[in-house]
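Open the model in your viewer and keep the selection tool at hand. Each stop below says what to select and what is there.

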Amino acid sequence: MALQSLDITRRSASPTASPQARKTIEIAKLIDVSTCIGCKACQVACSEWNDIREEVGHNIGVYDNPTDLSADAWTVMRFAEEESNGKLEWLIRKDGCMHCADPGCLKACPSPGAIIQYSNGIVDFHQENCIGCGYCISGCPFNVPRISQKDNKAYKCTLCSDRVSVGQEPACVKTCPTGAIQFGSKEDMKDVAATRVADLKTRGYANAGLYDPQGVGGTHVMYVLHHADKPEQYSGLPKDPAISTTVQLWKGWLKPLATIGIAAAGLFGFFHYITVGPNRPDDDDEHAAANPAAKQEDKA
Amino acid sequence: MKEQLIQRYSAAERINHWIVAVCFILLAISGLAFFYPAFFWLTGVFGTPQLARIVHPFVGVIMFVAFARQFFRYWHHNLINSEDIRWMKSVRTVLSGHEVGDTGKYNGGQKGMFWLMCACMAVLLVSGFIAWRPYFAGYFPIPVIRLALLAHAWAATGLIAGIIVHVYAAFWVKGTIRAMVEGVVTHAWAKKHHPRWYREMTGKQK
């Protein structure tokens with residue numbers, strides 16, 4: 001951990017810079033939606049490797065199960081039935097943390113070191129520092145973090161930071177039977193994606209493309225989509241995700257304004273007192289009040 | 001000569017005020033800790049950061065309830081009239097230590113502060129409930145929670161700055177703190193700062 005801590009480029013709620021000397025390769029997970037068969041082996045591998053078990057739920061009429069991300073389900077397959085090109089398409093997307101280069105969760109988090117970003121691009125939660133405020137949920141443009149009802153700590157995909165740190169691929173990648181999930185350097189994954197996109201275009205998917213949204217500085221989980229022009233079709237994948245303006249105002253603009261406002265109030269009082277001095281009832285008034293018959297003239 | 005005193009706040013009013021004040025200080029300290037990373041250590045006011053996150057909203061509810069009691073005590077003393085407008089327009093004169101207008105129980109500045117506090121308290125309560133985990137936040141959509149967090153921080157900033165002015169004014173105008181500690185003020189104090197209230201209380205014309 002001591003050495004690994006050198007590879008942390010950003011910590012939540014930490015005003016000063018992290019160690020910057022070491023540079024590691026930027027990694028990425030590439031999810032090729034067009035070759036995913038929806039088998040959920042990745043869900044199982046995630047559950048196995050991380051020792052998390054979501055409670056068995058109920059069938060809600062579609063294949064989604066678990067139906068949503070949770071503290072015990074860090075990745076879920078989302079199945080969407082969409083009509084495009086005049087035919088029904090079954091669009092299956094493995095949902096989970098996108099590991100943004102500019103993570104909204106990290107920006108919003110008030111607890112030092114509860115959210116960290118490794119120089120390889122992984123965004124990780126350190127639950128020991130988590131206070132359970134849920135600010136990360138508000139910060140995330142992808143609606144990913146979930147707070148456990150058992151311990152009030154936030155959880156999400158770690159991109160298997162433990163495996164990656166010892167040179168292994170994430171568990172979901174390891175287990176994917178079709179090769180729809182791949183892992184490597186971000187550069188390599190972009191190359192793989194380019195090949196896949198070119199192939200999809202020859203097969204009639206003119207709008208095929210890579211999902212690596214620049215509004216969050218790019219992501220370290222990327223999708224190959226057959227309809228990159230309409231990411232919303234894939235169970236609401238946002239088209240142009242970015243940290244919400246509200247969060248920017250809250251975590252960005254308001255801080256200096258609040259500092260100025262509070263400091264102004266304090267400084268005003270200080271300088272007012274040392275220049276104007278205390279406001280005392282005059283001795284005359286004291287006398288006049290004590291003796292109403294006395295003359296009183298200094299009415300303002 | 002024996003000091004002549006007027007009762008300004010009853011024991012119940014003083015206790016009420018200090019409940020709000022103590023809650024406010026605890027909330028401001030822990031709230032600033034959540035707002036400014038460099039002040040995160042102030043969460044220690046409640047023991048640990050996790051405890052601060054858990055306790056902060058409960059203290060907030062206590063403060064709101066106690067403040068609501070104050071609201072019903074004082075709102076009718078705080079309706080703004082033409083004397084108060086005159087006071088507000090002449091605030092520079094007031095700040096130089098000279099009284100303006102035939103002030104009743106509260107002057108224009110105090111009334112303005114009263115309504116500012118009411119507005120901030122209302123915003124803090126509503127936004128605080130919306131953002132309150134694990135009990136209430138789950139019932140609201142994320143964009144609404146974001147707005148609540150922004151509004152909460154804004155209102156808290158306004159309230160903290162307002163309270164600094166409130167505390168300073170009490171410290172600046174000598175004899176004022178006694179009103180909220182012992183409950184009394186001198187005749188001279190009342191006559192100088194709140195002449196109309198002084199006449200009402202004493203029945204004197206001057």
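Predicted model: local features only at pLDDT ≥ 70, side-chain atom pairs only at ≥ 80, totals over all residues.

**Stop 1: chain B as a whole**

Select chain B. Its C-alpha atoms fill a box of roughly 60 × 35 × 30 Å, taken along the principal axes. Count the elements: chain B has nine helices and two strands. Now walk along the sequence. The order is β-α-α-α-α-α-α-α-β-α-α. How much of chain B is buried? Of its 206 residues, 35% are buried. Next, think about which parts of the chain meet. Take the contacts in chain B between residues at least 6 apart in sequence: 60% of them join residues at least 24 apart.

**Stop 2: helix 5 of chain B**

Select residues 108-131 of chain B, which form helix 5. First check its length. Helix 5 of chain B has 24 residues, and at 1.5 Å a residue they should span 34 Å. The end C-alpha atoms are 34 Å apart, so the two values agree.

Now color the buried residues of this helix. Among them are Phe114(B), Met117(B), Cys120(B), Met121(B) and Leu124(B). Lys111(B) is also buried. An α-helix has 3.6 residues a turn, so residues three or four places apart point the same way. What covers the buried residues of helix 5 of chain B? The cover includes helix 2 (49-74), helix 3 and helix 6 of chain B.

**Stop 3**

An angle from 65 to 115 degrees counts as roughly perpendicular, so that is how helix 3 and helix 5 of chain B lie to each other.

Show the side chains at the crossing. Helix 3 of chain B brings Asp84(B), Ile85(B), Trp87(B) and Met88(B). Helix 5 of chain B brings Gly108(B), Gly109(B), Lys111(B) and Gly112(B). By type, the residues of this contact are three nonpolar, three polar and two charged.

**Stop 4: the cores**

Show both chains again. The largest nonpolar core has 108 residues. Which residues have the most contacts inside it? They include Val33(A), Cys105(A), Ile115(A), Cys172(A) and Met222(A). Helix 6 of chain B, residues 142-172, gives the most to this core, with 14 residues.

Zoom in on Cys172(A). Setting aside neighbours within four places in sequence, its contacts are Cys42(A), Ala45(A), Cys46(A), Thr75(A) and Ile181(A). Then look for another core, apart from the largest one. This other core has seven residues, including Val185(B), Ala188(B), Trp197(B) and Tyr198(B).

**Stop 5: the contact between the chains**

How many residues does each chain put into the contact? Chain A gives 42 residues and chain B gives 44. On the chain A side, helix 3 (135-139), helix 7 (245-276) and helix 8 (283-290) each supply at least two residues. Helix 7 of chain A gives the most, with 14 residues. The chain A side divides into 23 nonpolar, 16 polar and three charged residues.

**Last stop: Phe34(B)**

Select Phe34(B), in helix 1 (residues 11-35) of chain B. Is Phe34(B) buried or exposed? Phe34(B) counts as buried because it has 25 C-beta neighbours inside 10 Å, and the cut-off is 20 or more. Leaving aside neighbours within four places in sequence, Phe34(B) is in contact with Pro110(A) and Cys133(A). Finally, draw a distance from Phe34(B) to Arg53(B). These residues are 19 apart along the chain, and their C-alpha atoms are separated by 8.5 Å.

Technical notes: Residues numbered from 1 in each chain as written. Chains lettered and ligands numbered in written order. Contact = placed C-beta atoms within 7 Å. Helix = DSSP H or I, 4+ residues; strand = E, 2+ residues; numbered from the N terminus. Nonpolar A, V, L, I, M, F, W, Y, C, P; charged D, E, K, R; others polar. Buried ≥ 20, exposed ≤ 12 C-beta atoms within 10 Å, placed from the backbone. Core = buried A, V, L, I, M, F, W, Y, C linked by C-beta atoms within 7 Å. Axes fitted to C-alpha atoms, helices over the stretch in contact; angles between N-to-C directions. Parallel < 35°, antiparallel > 145°, perpendicular 65-115°, else oblique. Expected span 1.5 Å × (residues − 1).
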